[in-house]
Amino acid sequence: MKKKYSARVRYAGEVASVPISPDVSLLENFVRAKLPIGRSCNGEGICTTCRVFIIRGEVTKPQELEEVRRVERDFAENERLSCQCKALSLDLDIEIP
Ligand code: FES
């Protein structure tokens, strides 16, 4: 049986439970779920409007492109570009600021 990934997502005073595919970025999952999230550069890792906070659970580590943005913008430890990471944990708790 295939494992089911999901995320509890907090945004704009709301909470949603969203099915997650670990094969695509968190951003792509949130767009599929019709959550309100910025994506000015369409997932190119440039604009930082897709940033999220990973409250609980594991996601893939930042690659060089994202690391540059994280340093430039002084991101918190758990602050990530959702277009640049994928789920590793079955259960995630995420906040869209
Ligand atoms: S959509 Fe622009 S950095 Fe993620």
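Let's start at a turn: in the hairpin of β1 and β2, with 2 residues between the strands, Ala-12 has a positive phi near 40°. Keep in mind that this is a predicted model, where local features need pLDDT of at least 70, side-chain atom pairs count only at pLDDT 80 or more, and totals for chains, interfaces and linings use all residues. Numbering runs from 1 along each chain as its sequence is written.

Strands here, like helices, are DSSP runs numbered from the N terminus (E, at least two residues, for strands; H or I, at least four, for helices). Two strands count as paired if DSSP finds at least two bridges between them.

Now zoom out. The protein has 2 helices and 5 strands, and from the N terminus on they come in the order β-β-α-β-α-β-β. Its radius of gyration, taken over C-alpha atoms, is 12 Å, close to the 13 Å that the globule rule gives for 97 residues, so the protein is as compact as a globular protein of that length. That rule is 2.2 Å times the number of residues to the power 0.38. Along its principal axes, the C-alpha trace spans about 40 × 30 × 25 Å.
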